[in-house]
Amino acid sequence: MAAQDPATTKRKILVPLENNPLVFTHLSQALGVEPSLGFHDVYSLDDRDLLAFIPRPAYALLFTCQQEVFWRARKAVFEAMAEYTGHGDSEPVIWFRQTIGHTCGTMALLHGLSNGGAKAYIKPGSDLDRLLKQAVPLQPTQRAEVLYDSKELEEAHMAAAVMGDTEAPRSEDPNGNHYICFVKGDDGHLWELNGGMKGPLDRGVLAEDEDALSERALQLGVRTLMKEAHEGELDFSMVAMAPSLD
């Protein structure tokens, strides 16, 4: 759960992604997602005027918070969870274990694209389509190996990592933030998907007209994390995955 020190591990470590619509747009389209799927900054969860600018439905919400906030909110859940063993088309949701350092942003993106309404935007025969067809039938360990070994995924990630508004950190720099993806699955449930957990978390059922940015979804998802933040830990960031404005 806590960030690993790059000096003590030999695993593959990449440059972390900024939670930025431009970054996710570039990465998703490089992997083979239609440009009609968009990414939108969420500046407020309470200002209806600002929320009104985001196209609906919102398929997923990509959320970042400090590691300490995340651990405070999910430590007991993590310790109580069994290791997930789901695989194949019968899964209610597709979950990936993260084994590449500093790629929780890409993992959040993959979780959002692989589940719910966003799947319809993946181009047949694209890199992402081929990656999912290879990975989905596999157990979580083998599924993670597919991502780890994907040259296309690594190259697309690295190209997107330098496109943020701030200077991209080095891969060896410590990373104090963590990404979580909240997505409305095909089963109508809100799922919390995070490659650093032991599996997917079912946060509850949403009504047919409720999406990942509906008030109920926020209460079941991101607000449970935000309420654990102490003073000085309020640097949250949110990007909604929804139809493009173009």
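Visitor: Which residues in H1 meet which residues in H4?

Guide: Phe24, Leu27, Ser28 and Leu31 in H1 meet Gly105, Thr106, Leu109, Leu110 and Leu113 in H4. Contact means heavy atoms within 4.5 Å. This is a predicted model, so local features need pLDDT of at least 70, side-chain atom pairs count only at pLDDT 80 or more, and totals for chains, interfaces and linings use all residues. Residues are numbered from 1 along each chain as its sequence is written, and side-chain values use heavy atoms, with hydrogens and water left out.

Visitor: At what angle do H1 and H4 pack?

Guide: About 60°, with the axes 11 Å apart. That makes H1 oblique to H4. H1 covers residues 21-31. Axes are lines fitted to C-alpha atoms, for helices over the stretch in contact, and angles run from 0 to 180 degrees between N-to-C directions. Under 35 degrees counts as roughly parallel, over 145 as roughly antiparallel, 65 to 115 as roughly perpendicular, and the rest as oblique. Helices (H or I, at least four residues) are DSSP runs, numbered from the N terminus.

Visitor: Now H5 and H6. Roughly parallel or roughly antiparallel?

Guide: Roughly antiparallel. H5 (residues 127-135) and H6 pack at about 155°, with axes 9 Å apart.

Visitor: Which residues meet there, in H5 and H6?

Guide: From H5, Leu131, Gln134 and Ala135; from H6, Arg143, Val146 and Leu147. By class, that contact has four nonpolar, one polar and one charged residues.

Visitor: Switching topic. How many cavities of 30 Å³ or more?

Guide: One. About 100 Å³ of space lies in the largest cavity. On a 1 Å grid over the protein atoms alone, a cavity is a set of points where a 1.4 Å probe fits but cannot get out; lining residues have an atom within 4 Å of a point. Points are joined across faces, edges and corners, and the volume is the space filled by probe spheres set on them.

Visitor: What lines the largest cavity?

Guide: 15 residues, with Ile100, Thr103, Thr106, Leu147 and Leu153 nearest its centre. H4 (104-114), H6 (140-149) and H7 (151-161) each give two or more residues to the lining. H7 has the largest share, three residues.

Visitor: And the lining by class, nonpolar, polar and charged?

Guide: Six nonpolar, six polar and three charged.

Terms used:
On a 1 Å grid over the protein atoms alone, a cavity is a set of points where a 1.4 Å probe fits but cannot get out, and a pocket is an open set with protein on both sides within 12 Å along at least five of seven lines; lining residues have an atom within 4 Å of a point. Ala, Val, Leu, Ile, Met, Phe, Trp, Tyr, Cys and Pro count as nonpolar, Asp, Glu, Lys and Arg as charged, and the others, Gly among them, as polar.
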